[in-house]
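Student: I have a new structure to read. Where do I begin?
Tutor: Let us look at it together and take one feature at a time.

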Amino acid sequence: MRRTLSCLAMLVLAGCAADRAPPAPEMASPYCPDPPAIVVNAQGVLLVPPILAGGAVDWQTAFATQAQFGIAQPARLAGRWPETAQGLARLVMLGNAFARDFRFQTLPSFGTFSMQQGVLALRASLGIPASLADGDLASVLLHTECALWRGDRVAAQAALARVASAADALDRIAPRDNQAPRIPSATQAAASQAARAMQLQDQRRRP
């Protein structure tokens with residue numbers, strides 16, 4: 001009888017543990033807890049501060065590479081909630097560059113189109129209005145990331161609620177069951193094709 005009760009108690013505790021957030025990672029991004037503002041130039045291009053670029057000189061290439069092995073493959077992000085929010089923020093910033101930066105005016109059309117559809121799908125899944133500027137959306141996602149590094153779901157929810165109307169917005173990025181984040185298929189496709197599109201553009205420019 002005691003053994004049965006002990007087993008039941010262990011199962012209950014295991015169930016409770018499965019619903020709890022995993023331990024907060026030890027190393028937060030250097031811009032946390034307060035990411036800097038993202039300035040926009042006259043052409044509407046986001047000017048990403050070096051600290052947000054993770055030290056990369058060519059942040060667009062760095063972000064595209066990260067997306068290929070992160071947002072494009074949600075299973076890799078299971079339980080990695082801060083990285084998910086960061087990856088989504090970086091994809092939004094990259095999408096802005098694809099659409100507005102002169103550097104990408106000869107980008108293959110599949111790259112431009114897939115990125116446009118991917119960002120639109122992300123906005124729709126979170127309940128983000130089309131009127132919200134890319135920089136503001138990226139900033140919110142970065143503040144969400146910083147809260148998740150601390151393991152603070154309340155603060156993460158508050159950050160997202162500033163712009164997201166979807167009731168399950170945070171659960172999509174940081175599922176309570178510690179499963180892979182729910183990233184729209186179009187957003188995954190954009191993340192998987194960005195680096196390839198940039199590579200093809202560079203190849204076409206070579207003499």
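Tutor: This is a predicted model. Start with the link of C32 and C146: it is left-handed, with -85° about the S-S bond.

Student: What is the S to S distance for C32 and C146?

Tutor: It is 2.0 Å. A disulfide needs the two sulfur atoms within 2.5 Å. By this rule the count comes to 1 disulfide.

Student: Is C32 buried or exposed? And is C146 buried or exposed?

Tutor: Buried means under 20% relative accessible area. C32 has 18%, so C32 counts as buried. C146 has 2%, so C146 is buried too.

Student: What about the nonpolar side chains?

Tutor: In soluble globular proteins, they tend to be buried together. Here the largest nonpolar core has 57 residues. Those touching the most other members are M93, F98, M115, L126, L141, L148 and I173.

Student: Which helices each supply at least two residues of this core?

Tutor: They are α2 (59-68), α3 (81-100), α4 (109-126), α5 (134-149), α6 (153-161), α7 (169-173) and α8 (185-205). The most comes from α3, with 10 residues.

Student: Which residues is M93 in contact with, leaving aside its neighbours within four places in sequence?

Tutor: M93 is in contact with I38, L46, V48, W59, F63, A138 and L142.

Key: Residues are numbered from 1 along each chain as its sequence is written. This is a predicted model: local features need pLDDT of at least 70, side-chain atom pairs count only at pLDDT 80 or more; totals for chains, interfaces and linings use all residues. Side-chain values use heavy atoms; hydrogens and water are left out. A nonpolar core is a set of buried Ala, Val, Leu, Ile, Met, Phe, Trp, Tyr and Cys residues joined through side-chain atoms within 4.5 Å. Buried means under 20% relative accessible area, exposed over 50%, partly exposed in between (1.4 Å probe, protein chains only). Helices (H or I, at least four residues) and strands (E, at least two) are DSSP runs, numbered from the N terminus. Contact means heavy atoms within 4.5 Å.
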